[in-house]
Amino acid sequence: MVGVGITWLLVNLGIIPAFNPVMLLKLWPIILIVLGFDMILGRRYPWAGSLIGLLAVAGIVTFLIMSPKLGYTPAAQTQTETFTEMIGDATASKIYLEASSAPVNVKPLPAGDELVHAVITHRSIFKFDVSGTSNRYVRMSETSNSTDWLSWDFTADRLVWDISLAEGIPTEFILNGGSGRLDVELGSIDLTSLRADLGSGSSDFILPATEVEYVAEVDSGSGSVEIEILDGAALTLELSGGSGSVNISLPKNAEFEIEVFDEGSGSLSLPSGLQKVGGGSGISLGVWQTAGFDTADVKIIIKIMDQGSGSINIH
């Protein structure tokens, strides 16, 4: 424990780089010799056992400090990088984001010349790939170094992805969730479509009211999902439930229709006062509408493709 504490302190002080414990396996002959001396001398001379332990810790710390000079590549350390893409000639964008274990925050970008502004704190290899001119494609993803699968980074730096998107550019947004929390605020984004395949992390979405009706496809995972639809939004939300709970908040006085195509083992809670206009063979299968849905200019359609095993609450 003393050795681990000393190592942790030296890593936080920047004296020892983040390391892979596999490197210590290269010291196995020396470790066997130390254990042998401790068995021979430790029982007879307790002070000798303590001295051997301290020398062993000092030797390991020295090895970790000198490892880069000895040709051992240190494990990836926490770093913060900023990536930007200017609007230029772009008239539309397609944003593809593949999340990982780090929390992700997506929000609108204040007025300016940038299409995407991303501040990424990570300890791996972050990819920011751009293609296209008028129709701009931006892909953001993380690639882990296969040699760092057992890396230890004792630093207290918090991993987080902060991503801002331009407001005035029609945007198609594709999101693959990971185990980290997702906070996706698209309230003032000119969203043309959304596809979200979520993972085990919890997710919060704010869906905008745009001039053109759009489709949002959400495939929830094991994490909880909160979806807030802003007032004036006209969209079709296609939901496939997972094992996590899903809560959908509709605007007050909105006219909407809910279509349930497939039952699951989870519960389904619908707003009161709806009219069932289409039947189904199951208990919750069918089509429900508000009284003014057919004549409304702005409509919300929610299609539950699969209920899954988690609860779905629409209110």
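This report describes the strands, sheets and selected side chains of a predicted model.

## Basis of the description

Residues are numbered from 1 along each chain as its sequence is written, and side-chain values use heavy atoms, with hydrogens and water left out. Because the model is predicted, local features need pLDDT of at least 70 and side-chain atom pairs count only at pLDDT 80 or more, whereas totals for chains, interfaces and linings use all residues.

Strands, labelled E, are DSSP runs of at least two residues, numbered from the N terminus. Two strands are said to pair if DSSP finds at least two bridges between them.

## The eleven-strand sheet

A further open sheet contains eleven strands in the order E5-E6-E2-E8-E10-E12-E14-E20-E16-E19-E18, again with mixed pairing. Its edge strands are E5 and strand E18 (275–278), each of which pairs on one side only. From one strand to the next, the twist averages 15 degrees; for such angles, axes are lines fitted to C-alpha atoms, and values run from 0 to 180 degrees between N-to-C directions.

Both senses of pairing occur in this sheet. Strand E5 (residues 125–131) and strand E6 (residues 135–143) are antiparallel partners over seven bridges, and serine 131 faces tyrosine 137 in E6. The hairpin of E5 and E6 has three residues between the strands, and glycine 132 adopts a positive phi near 90 degrees in it. By contrast, strand E12 (residues 214–219) and strand E14 (residues 235–240) pair in the parallel sense over six bridges, with valine 215 opposite threonine 236 in E14.

## Salt bridges

A salt bridge is a side-chain nitrogen of Lys or Arg within 4 Å of a carboxyl oxygen of Asp or Glu. The whole structure holds four of them. One joins the side chains of glutamate 98 and arginine 139, at 3.4 Å from N to O. Glutamate 98 belongs to strand E2 (residues 92–98) and arginine 139 to strand E6, so the pair ties together parts that are 41 residues apart in sequence. Accessibility is classed as buried under 20% relative accessible area, exposed over 50% and partly exposed in between (1.4 Å probe, protein chains only). Glutamate 98 is partly exposed at 31% relative accessibility, as is arginine 139 at 26%.

Another salt bridge links arginine 195 with glutamate 172, whose closest N and O atoms are 3.3 Å apart. Arginine 195 is in strand E10 (residues 191–197) and glutamate 172 in strand E8 (residues 171–176), 23 residues apart. Arginine 181 also forms a salt bridge, with aspartate 204, and the closest N and O atoms are 2.7 Å apart. That pair connects the loop between E8 and strand E9 (182–185), where arginine 181 lies, to strand E11 (residues 203–207), which holds aspartate 204. Arginine 181 is partly exposed at 39% relative accessibility, and aspartate 204 is partly exposed at 23%.

## Selected buried residues

Glutamate 257 lies in strand E16 (residues 256–260). Glutamate 257 is buried but has no salt bridge, and the nearest side chain of opposite charge, lysine 303, is 7.2 Å away; in this count Lys and Arg are positive and Asp and Glu negative, while His and the chain ends are not counted. Leaving aside neighbours within four places in sequence, glutamate 257 is in contact (heavy atoms within 4.5 Å) with residues including Val287, Trp288, Phe293 and Ile301.

Serine 124 sits in the loop between strand E4 (114–122) and E5 and is buried, with a relative accessible area of 12%. The side chains of serine 124 and glutamate 142 are joined by a polar contact of 2.4 Å. A polar contact is a pair of N or O atoms within 3.5 Å; within protein, one must be able to donate a hydrogen and the other to accept it, and residues adjacent in sequence count only if both atoms are side-chain atoms. Glycine 286 is part of strand E19 (residues 286–289) and counts as buried at 5% relative accessibility.

Definitions and conventions. Helices (H or I, at least four residues) and strands (E, at least two) are DSSP runs, numbered from the N terminus.
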